[in-house]
Amino acid sequence: MLNCADLVKALKLPESNIELFESWNYDLLPGILPEESATAASALKPGFVAGKGPAWDSRAELLDRLETLAEKVQATPALMDYYIFCNALTFHELASHKAFRPVQLPVLDELLGETESKLWDLLLYFGAAAQWFETYRKLGVPEDYAANMLESLPLVLKNCREKNGCFGYPRHTLHWLSHYVQGTVFRIGRFEYMVREVAPWIPLAFRSSKTGQVVLLARNNWKMLGNGLRLPLDEPFAKTDYTTRLLMTDKFVRGTYIDPTGFAVLDKEITLDLDEFKPMWQPGQLTAEIHIPGGGGMTMERCQASLKEAREFF
């Protein structure tokens, strides 16, 4: 691989990117992620996109342009190095850099031109696709589920073309594909399901062993607005109207009640007998969170079918 300075120069990027790439541990890349890098690179080979991509408007036109750009990347060492670097940054943990969040990757407008530069992120998308197909194979998940993850692509391409006047993929959402690559998100019918430990911003849930009733309680020290919604996490210093309390012993739990519509009832603390009301999950337990991909068609029938299939899947 080229060193940082030579890579930045070959990509026609400002010299300030040398320090940026070094801070992202570019120099460590040759010794890590060899299998993942090779799988991502396989998406550049002729026929990959045509074989994996679903139908979309102007498919033939876009396929030709993508294949031309993929050929250029494979024939240009600097572009190939940058492609592998972008893959490691966006879909994996590259040393101290944490994946699963947007990365402000420098654009290649000067080298590729503005229109072709926007296709770069679409190449990264298909590099991720190659990896999540491989991840699912290793997990023993049928390939149909890997193919399901491509369902939202036509809508994304359509929206990009309407917004920017050309094809591409929204860079700020590329990091979400990390979860596909790592095998923690699965598209099952209308919904996606993320497998992970219960997030700390999820309320506590208890189910009655007698009636099956489910009760939600706010966690301790949540900052609440007067309308019963929690203060956004990115506004920690905004004015709050109420702070929740939670007390849990081996006999009972007492806390702020959350009604069935998802709003906390700020003046209502309730006590649950833990002999009857059992926690629906324990700390560290894996659960399947529901996420709603764009695309419309969210009928009651499709939602119910997804939930039923997910129950069988997991």
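Here's a quick tour of a predicted model, from confidence to helix packing, a hairpin and a salt bridge.

Residues count from 1 along each chain as its sequence is written. Local features need pLDDT of at least 70, side-chain atom pairs count only at pLDDT 80 or more, totals for chains, interfaces and linings use all residues, and side-chain values use heavy atoms, with hydrogens and water left out.

On confidence, the chain averages a pLDDT (the predictor's confidence in each residue, from 0 to 100) of 89, and 93% of the residues score at least 70. Over residues 95-100 pLDDT stays under 50.

| Element | Residues |
|---|---|
| Helix 5 | 59-75 |
| Helix 6 | 77-91 |
| Strand 8 | 252-258 |
| Strand 9 | 264-273 |

Helix 5 and helix 6 pack at about 105 degrees with axes 5 Å apart (axes are lines fitted to C-alpha atoms, for helices over the stretch in contact, and angles run from 0 to 180 degrees between N-to-C directions). That makes the two helices roughly perpendicular (65 to 115 degrees).

Strand 8 and strand 9 pair antiparallel over six bridges (pairing takes at least two DSSP bridges). Valine 253 has leucine 272 of strand 9 as its bridge partner. The two strands form a hairpin with five residues between them, and glycine 262 in the turn has a positive phi of about 95 degrees.

Finally, there are nine salt bridges (a side-chain nitrogen of Lys or Arg within 4 Å of a carboxyl oxygen of Asp or Glu). One of them joins lysine 138 and glutamate 35 at 2.3 Å, N to O. Lysine 138 sits in helix 8 and glutamate 35 in helix 3, so the pair ties together parts 103 residues apart in sequence.

Methods
Contact = heavy atoms within 4.5 Å. Helix = DSSP H or I, 4+ residues; strand = E, 2+ residues; numbered from the N terminus. Parallel < 35°, antiparallel > 145°, perpendicular 65-115°, else oblique.
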